[in-house]
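Open the structure in your viewer and keep the selection tool handy. We will go from stop to stop, picking something to select each time and looking at what is there.

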Amino acid sequence: MSSLPSTHPLLDGRTADSALIRAYRGDRPATPPVWFMRQAGRSLPEYRSLREGVPMLDSCLDPAMASEITLQPVRRHGVDAGIFFSDIVIPLRLAGVGVEIVPGRGPVLDSPVRTAEDVKRLADLVLTDEALTPVSEGVATTVAQLGRTPLIGFAGAPFTLAAYLVEGGPSKEHMRARAMMHADPDAWRALMEWTADVTGRFLRAQLLAGASAGQLFDSWAGSLSPTDYASHVAWASHRALDAVRDLGTPLVHFGVGTGDILATMRDVGVDAVGVDWRTPLDEASRRLGGETVVQGNLDPALLAAPWSVIETAIDDIVRRGEAAPAHVFNLGHGVPPETDPAVLTRIVEYVHSLEGSVSQ
Ligand code: CP3
């Protein structure tokens, strides 16, 4: 039983039979469904003109603008899903954390969270349902226009958010965050608990308002050893998803450089695992025991290559994806801003044309 409202797209007949939801549930539609991480954004001229002069996080919190930006790639590319236009740091901002997105850099904090006292101050901040209203409204406006195309809601996993909170901004190896988990395990636990709860509420707001699936992004989990991931991080991702399990929507878990921890990522309790471009999907499926749906994994760098190169890579990915119970086609990470959007449209058309033709 799901505690979603009966008017939710997943329950009222709009999205339960869509290719995306069927695939996430382990069924094989005629061709793999396809969507792209970061399909909304700077690769689209219509996005650049709408965003002109509006700071990134303000655009996420304007329900009409967030909705329009979410719909742009769905209209243009004919992808099998929208992904709600927002950012992993939005729940931090809505809880009262001073954070901005600096163009070309990423999230930057007013004051980093480095000590046990910093964590205590952070843990006093509460993310209310009221503060999440712009998110719920943006999702509701979007699904009202998406019809039978499912919307994916998302959230950042506690470790990736902690990597920004502790470092105070983007970093290469997340050294300070990795240090805190060993130097002050109590502060680390408190930081991860708070982050899990805040990010879980952000995801829940999107799913309740009409998103039909949820993806947890642990983009930077690949910087951890498998042992550290299993003992200091996986429990918190599990806790974040505990906030939404009663809703019964499919859940997906993705990270970059996570080839060695795919099974542990699956075991936080998800239906599908996103794979970056480094691990072939048949190998990923083998590591997952052949029983988990996979999503991925075209190298974003190939988007700049001649079409014949892209086509060969797609054939290979779709063939390898057949080792898993089901496969959702995607990139191995987000769309680079300089991508020619016509290439993305062509990829969607090509994947949709592959019915039964690849495995021979
Ligand atoms: O289309 C979609 O995928 C939905 C929108 C989305 C955004 N951010 C919009 C965005 C999603 C799912 C995210 C998640 C996100 N944000 C992640 C996890 C996914 C991943 O890419 O690994 C991370 C690590 C962030 C943090 C973040 N926000 C970064 C690193 C950046 C890039 C900074 C830059 O300018 O290059 C952002 C900003 C951001 N989030 C942009 C978009 C479209 C670019 C902002 C702009 O247009 O100026």
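Start by selecting A187, which is found in helix α10 (residues 185-209). Helices here (H or I, at least four residues) and strands (E, at least two) are DSSP runs, numbered from the N terminus. This is a predicted model, in which local features need pLDDT of at least 70, side-chain atom pairs count only at pLDDT 80 or more, and totals for chains, interfaces and linings use all residues. Residues are numbered from 1 along each chain as its sequence is written, and side-chain values use heavy atoms, with hydrogens and water left out.

Is A187 buried or exposed? A187 has a relative accessible area of 6%, so it is buried; the cut-offs are under 20% for buried, over 50% for exposed and partly exposed in between, with a 1.4 Å probe and protein chains only. Setting aside neighbours within four places in sequence, A187 is in contact (heavy atoms within 4.5 Å) with A116, V119 and M180.

Next, select H174, in the loop between α8 (158-167) and α9 (175-183). H174 counts as buried because its relative accessibility is 4%. Show F159, A163, E167, W220 and S223 too: these are the contacts of H174 once neighbours within four places in sequence are left aside.

Now for a pair of helices. Two packed helices are described by the angle between their axes and the distance between the axes. Select α4 (residues 63-77) and α7 (residues 133-146), whose axes come within 8 Å and cross at roughly 40°. That angle makes α4 oblique to α7. Axes are lines fitted to C-alpha atoms, for helices over the stretch in contact, with angles from 0 to 180 degrees between N-to-C directions. Angles under 35 degrees count as roughly parallel, over 145 as roughly antiparallel, 65 to 115 as roughly perpendicular, and the rest as oblique.

To see where the two helices meet, show P63, S67, T70, L71 and V74 in α4 with P134, E137, G138, T141, T142, Q145 and L146 in α7. By class, this contact of α4 with α7 has five nonpolar, six polar and one charged residues. Nonpolar covers Ala, Val, Leu, Ile, Met, Phe, Trp, Tyr, Cys and Pro; charged covers Asp, Glu, Lys and Arg; the others, Gly among them, are polar.

Move on to the sheet. It is open, with seven strands in the order β1-β4-β5-β6-β7-β8-β9 and parallel pairing. β1 (82-83) and β9 (327-331) are at the edges with a single partner strand each, so one side of each lacks a neighbour in the sheet. Strands pair if DSSP finds at least two bridges between them; β8 (residues 293-298) and β9 have five, in the parallel sense.

Zoom in on β9. V294 has H327 as its bridge partner there, and N297 stands opposite N330. Which way do the side chains of β9 point? H327, F329 and L331 go one way, V328 and N330 the other, and all are buried. Then show helix α14 (residues 307-321), which lies across β8 and β9 and runs at about 145° to β9.

Finish at the hairpin of β2 and β3, which has three residues between its strands. Select G104 in the turn, with its positive phi of about 80°.
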